[in-house]
Amino acid sequence: MVESDQINGRMSSVDEFCKALGGDSPIHSVLVANNGMAAVKFMRSIRTWALETFGNEKAILLVAMATPEDLRINAEHIRIADQFLEVPGGTNNNNYANVQLIVEIAERTRVSAVWPGWGHASENPELPDALMEKGIIFLGPPSAAMGALGDKIGSSLIAQAAGVPTLPWSGSHVKVPQETCHSIPEEIYKNACVSTTDEAVASCQVVGYPAMIKASWGGGGKGIRKVHNDDEVRALFKQVQGEVPGSPIFIMKVASQSRHLEVQLLCDKHGNVAALHSRDCSVQRRHQKIIEEGPITVAPPETIKELEQAARRLAKCVQYQGAATVEYLYSMETGEYYFLELNPRLQVEHPVTEWIAEINLPASQVVVGMGIPLYNIPEIRRFYGIEHGGGYHAWKEISAVATKFDLDKAQSVKPKGHCVAVRVTSEDPDDGFKPTSGRVEELNFKSKPNVWAYFSVKSGGAIHEFSDSQFGHVFAFGESRSLAIANMVLGLKEIQIRGEIRTNVDYTVDLLNAAEYRENKIHTGWLDSRIAMRVRAERPPWYLSVVGGALYEASSRSSSVVTDYVGYLSKGQIPPKHISLVNLTVTLNIDGSKYTIETVRGGPRSYKLRINESEVEAEIHSLRDGGLLMQLDGNSHVIYAETEAAGTRLLINGRTCLLQKEHDPSRLLADTPCKLLRFLVADGSHVVADTPYAEVEVMKMCMPLLLPASGVIHFVMPEGQAMQASDLIARLDLDDPSSVRRAEPFHGTFPKLGPPTAISGKVHQKFAASVNSAHMILAGYEHNINHVVQDLLNCLDSPELPFLQWQELMSVLATRLPKDLRNELDAKYKEYELNADFRKSKDFPAKLLRGVIEANLAYCSEKDRVTSERLVEPLMSLVKSYEGGRESHARAVVKSLFEEYLSVEELFSDDIQSDVIERLRLQHAKDLEKVVYIVFSHQGVKSKNKLILRLMEALVYPNPSAYRDQLIRFSALNHTAYSGLALKASQLLEHTKLSELRTSIARSLSELEMFTEEGERISTPRRKMAINERMEDLVCAPVAVEDALVALFDHSDPTLQRRVVETYIRRLYQHYLVRGSVRMQWHRSGLIALWEFSEEHIEQRNGQSASLLKRLHITEQVLEVSQMVIL
């Protein structure tokens, strides 16, 4: 494949470039013998450089290596490469650190060069030699230089020979002749090493405590331990040996309160060395850099110049080629500096130099590998302010006029501003920065002009157990250090990373905001001291963690209930009788406190949370990516959750908190995937709390496991075993089980918080909220029914409601309505507002607006009418509901709520619930969740009944006949659960019949008066006959009309009133009255009725012969019997 690519034109442009700039070995293809961050950064840098140089980003073909683990997690470097070859998985000695494998792949793919990156085989002198034998270029130093300077012990010996100050160390007494610097004799080298624990103790006693035990081949925080006494040396020496097997070990004095400063070098094979400004990497955790920045600001310019010159001397001493970094320790108190080590490779933080020096370092490695002198490289010329120093795009121009210059004497341009870099690692700051691995559900970062980043994974990928813990690097630029820090803080706060891994992002934001860092008063031990003092990253406020955790737990449990119920239905099994979706109790353990929260659902997304007689309201919305959008106190918060061995970790607005499981100290579990290296105590022995009992390897780091309590230990897992999170390592028989600290119950209350979202005081929005609450009650959720009904009644009674509803609809539809219709509606509406009748009555002009809409629709063509009707349907629906006034609108609202109730409860009225569910299961076989929510609604029948009864009392009772059909359906509900509601409906139906009878009677009696009014055309006998016939019909009516007649006693029409009283008396005493004896007369106190009983009736009742008269007294307000007089 490489050869075919070269034939396609890539070779000619690269050859021309190499020849024009004085090179001798054109590079057409590169094998990237690395993965993760290193591979991604190199590939992207080469792509950028190739596009600028050759106009083709793929002018240099890139070949990747890929382990099964890399393929499984969808590693980013595989996607970027032009081609990849699969290599064995497991630890790096099987793949990226396997020299023989790398050489074989390089031969097989016929690449021009191999780029080793950092870590793995990058510092193994065997690799450049093996590649050179095959005629393949190694993009790094020759083996001799690598062996001399890449080795920490060798580089310290060479530094001493070159006159560069070093700290007291195990090789301080060793002298190396300068002429043998490139190849240190083995016996001299061994004199600087320690090979046993006893030798390490003796050397530490000589250099003085505190001291460092360091592996010469270590790096990135591996193979280095700080010790303070002989016991710590004995405990930690083997850890250093285990992390970097086979590496020579040496001892070095710790320089307290010092800064870690660096100089970036670039060297060619012609003896030229360029010092490309400086970096400060003093923020370290266990000697692993966390924050880097450049240029150096803590030391004066003359000291920085000395550091650069000393670095050049070291490189020239061994005829170094390629990129290198010389590291120093600098004392802020004395201004003295000491050589620390030289890294014979490109370092992770090299982009800091790229920003301030404007040099593409991976591309420069390729150019130097072609044999091109530094003084001909365009970016280097520009760095030294030499003419014709444009970018790579001008290489043809430069090649024609470039002249050699002395880099030792040339003055570089000033650094461009300031750059801060932050390493993003998959480490848990809350658990001693223990490395974590697993899925990365989301990784979202948006670059800005002054902030950019690159990552070795992307959303949907993962970090496997053999990866390096660093998977991202973020860089921020500013004109000054303070601006660069500010830009970095903003950039980090916008990173979204969630999944099974933990990260250091939150913790690093706190570091950047710390006063010591901003004031530049830090040192290499500063971060470790903060960790020792348990300075933690900022947490969400406690109530936010509690509410977020409770909502997550409640929503998760509710979802599980629905899923389980659907599972029963799908299998044809009988589901549980009760669906627990409304009232749940959640218990959370957060930071040693135990919170017991009662959650009540007011809707699918609405919750009330109660703790110790305090209450808050919140709403949640599910996000497509599995998160929750929580609204609390008028603010929104994004929540993600991830389950792990210790509990559930919440990410709230980018800040983490752990919902801890009940901790059992008698079970010692693995927190993360790891390998059990060895036990540090004997099986069955007595052990003490907070002491290490085992060592594990986590992502290439050796980590001790500490005991949570004292007791007798019994191992379950064998040494050398690979473990997953939550695997049982050992059991512990506790000395005192009662002494184990458990979470303390929380006795406080929630702070006073406002509603989840802003509440409007406008009537139409209150109306919408109250109607929605009523719907939620009918759906089975919980609300204060009295408040809901009262709010609904107040809104329905407001004259403002229809006008605000109309205005809201018009604001939505105005731009979509035909212009003529919109203008006419606006004109009629404003005209009505100015009308005097409107100001008096405040009635909504429903009929007027409907007429305008219908007139407009009448002019539409058949083709456009359907579309126009659909468009104005919301407006038509509103005006139709108000055509009978506010009362008709209220009826429409109540009827819709009644219909919603009946649509569910009529299903359960006569049958056994299990039979109903089976019918529903068959009916909704394609959407079984509908069955769940129908059954859930039915569960809330008590609250639903209460709501319907309140609506009946408030809105149905005054006019039950308007709801006759639905009242009949309510009264027909046949179950004890509906008894109260059915009885009320029956009573209202009786009231409906009485009301109808009353209307009928009033109509009949009014018709009697009609004959009187038409007396001029009807003869007196006929008129009297008609009157008597009509009254006789009422007197003899087979139905009970007495209550209806009594209800008309106080009628405002005196003629009708007189007829009612006469009819009532005749109907009441029709068998006992003397025919024609009922007479009426008006008195000042009201209407008096007189009548005679027959003699037979009197004799039967009293045994006396006399006439009886009874007086009935009617007042202006009410009719009542005032007295009975016997005449």
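Modeller: The protein has 38 helices and 42 strands, taken as DSSP runs numbered from the N terminus, with helices being H or I of at least four residues and strands E of at least two. This is a predicted model, so local features need pLDDT of at least 70 and side-chain atom pairs count only at pLDDT 80 or more, while totals for chains, interfaces and linings use all residues. Residues are numbered from 1 along each chain as its sequence is written, and side-chain values use heavy atoms, with hydrogens and water left out.

Of the 1127 residues in the protein, 52% are buried; buried means under 20% relative accessible area, exposed means over 50%, and partly exposed is in between, with a 1.4 Å probe and protein chains only. Contact here means heavy atoms within 4.5 Å. Take the contacts between residues at least 6 apart in sequence: 64% of them join residues at least 24 apart.

Now to the rings. A pair of aromatic rings is described by how far apart the centres are and by the angle of the planes. Rings of Phe, Tyr and Trp (for Trp, the six-membered ring) pair if their centres lie within 6.5 Å; planes under 30 degrees apart count as stacked, over 60 as edge-to-face, and the rest as tilted. By that rule the structure holds 32 aromatic pairs. Start with F42 and W115: their ring centres are 4.3 Å apart and their planes are at 20°, so this pair is stacked. It ties together distant parts of the chain, since F42 sits in helix 2 (residues 36-54) and W115 in strand 4 (residues 113-115), 73 residues apart. Both F42 and W115 are buried.

Compare that with W542 and Y543, whose ring centres are 6.3 Å apart with planes at 90°, so they make an edge-to-face pair. W542 has 32% relative accessibility, so it counts as partly exposed. Y543 is at 23%, so it counts as partly exposed too.

There's also a cluster to look for: ring pairs link W355, W452, Y454, F475 and F477. One of those rings has a charge over it, as K416 lies over the face of F477, at 5.4 Å from the ring centre. The rule is that NZ of Lys or CZ of Arg must be within 6 Å of the ring centre and within 35 degrees of the ring normal. R481 does likewise with Y517, lying over its face at 4.6 Å from the ring centre.
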